Amino acid sequence: QIHIARFLDAYDRLTRRYIHAQRRLIALLTEQKQALIQQAVTRGLDPDVLLKDSGIEWLGEIPAHWEVLLNQRIFKEKIRPYDGSSEIQLSLSQKDGLIPTKDMRERSLQTSTYNNWKVTLPGDLVLNRFKAHLGVFFSATLRGIVTFHYGVFQPRVTLVTKYFELLFHTEPYKTIFAGRSNGMTVGLQNLSNQNFYNVHAIMPPLDEQNAIVKYVEQQIVQLDAVIARTQRQIELVREYRTRLIADVVTGKLDVRGAAL
């Protein structure tokens, strides 16, 4: 019993240190991903580009040839009433974006009525009004219907909606949207249309929007792959620890001569 206890205590300490190190690696990779996105969407891809003061304190400097516009000049709410025809029901996932509700990994309440639901089209910007402070803005890639709790915004000008999805996911914008959302309870803070419209957004030229989105997507794929592998390693170590404990305490594995 003493040998078993000592072995498991020592192995547990090793395992905890390993998992802590891997979690720290995931945190650093996540920070790197966020920094990469913020740098790309606020400064562009040219490291030598001439900068100017955006005129917005929390935005800082931006490329000199970019514009700063109120969201009201970029987007307008678009309510396309659902007429009861066959449409895919869509939901916003904080991890996966705007996807079919049946594919949601998070738990989602099922609706009993489709009153006041609305149609969204590819290219729309869809937001969860109660999670704007978490950056839950996503570019629609599918036609479908969404609940009336979501805001559906159509571009007023030709643009790449995915760029604005990335922009609104950055920490400065999440902070601004949190401050513009009304409500005292976390998770029930509503971002009104007017408060969304009154936020300034950066507007690069269209070709740069496309280039930024393409670059970010390529970089994120690589970082996400490393994060996924690291998370899988943690899961495998946990599974091995569980199996090892079972084998040791049932006598299947003799640890009397083991040294850790």
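Which residues in H1 meet which residues in H3? Ile37, Val41 and Thr42 in H1 meet Tyr163, Leu166 and Leu167 in H3, where contact means heavy atoms within 4.5 Å.

## Basis of the report

The model is predicted, so local features need pLDDT of at least 70 and side-chain atom pairs count only at pLDDT 80 or more, while totals for chains, interfaces and linings use all residues. Residues are numbered from 1 along each chain as its sequence is written, and side-chain values use heavy atoms, with hydrogens and water left out.

## Packing of H1 and H3

Two packed helices are described by the angle between their axes and the distance between the axes. Helix H1 covers residues 2-43 and helix H3 residues 161-168; they pack at an angle of about 125°, with axes 9 Å apart. That makes H1 oblique to H3. Helices (H or I, at least four residues) and strands (E, at least two) are DSSP runs, numbered from the N terminus. Axes are lines fitted to C-alpha atoms, for helices over the stretch in contact, and angles run from 0 to 180 degrees between N-to-C directions. Angles under 35 degrees count as roughly parallel, over 145 as roughly antiparallel, 65 to 115 as roughly perpendicular and the rest as oblique.

By class, the contact of H1 with H3 has five nonpolar, one polar and no charged residues. Ala, Val, Leu, Ile, Met, Phe, Trp, Tyr, Cys and Pro count as nonpolar, Asp, Glu, Lys and Arg as charged, and the others, Gly among them, as polar.

## Burial of H3

H3 is mostly covered, with seven of its eight residues buried (under 20% relative accessible area; exposed is over 50%, partly exposed in between, with a 1.4 Å probe and protein chains only). Among the buried residues of H3 are Tyr163, Leu166 and Leu167. Phe164 counts as buried because its relative accessibility is 0%.

## Aromatic pairs

A search of the whole structure finds 18 aromatic pairs. Rings of Phe, Tyr and Trp (its six-membered ring) pair if their centres lie within 6.5 Å; planes under 30 degrees apart count as stacked, over 60 as edge-to-face and the rest as tilted. Phe75 and Phe164 form an edge-to-face pair, 5.4 Å centre to centre with 90° between the planes. This pair links distant parts of the chain: Phe75 lies in strand S4 (residues 75-77) and Phe164 in helix H3, 89 residues apart. Phe75, at 0% relative accessibility, also counts as buried.

Phe196 and Tyr197 form a tilted pair, 6.0 Å centre to centre with 45° between the planes. Phe196 is buried at 1%, and Tyr197 at 10%. One aromatic cluster includes Phe75, Phe164, Phe196 and Tyr197.
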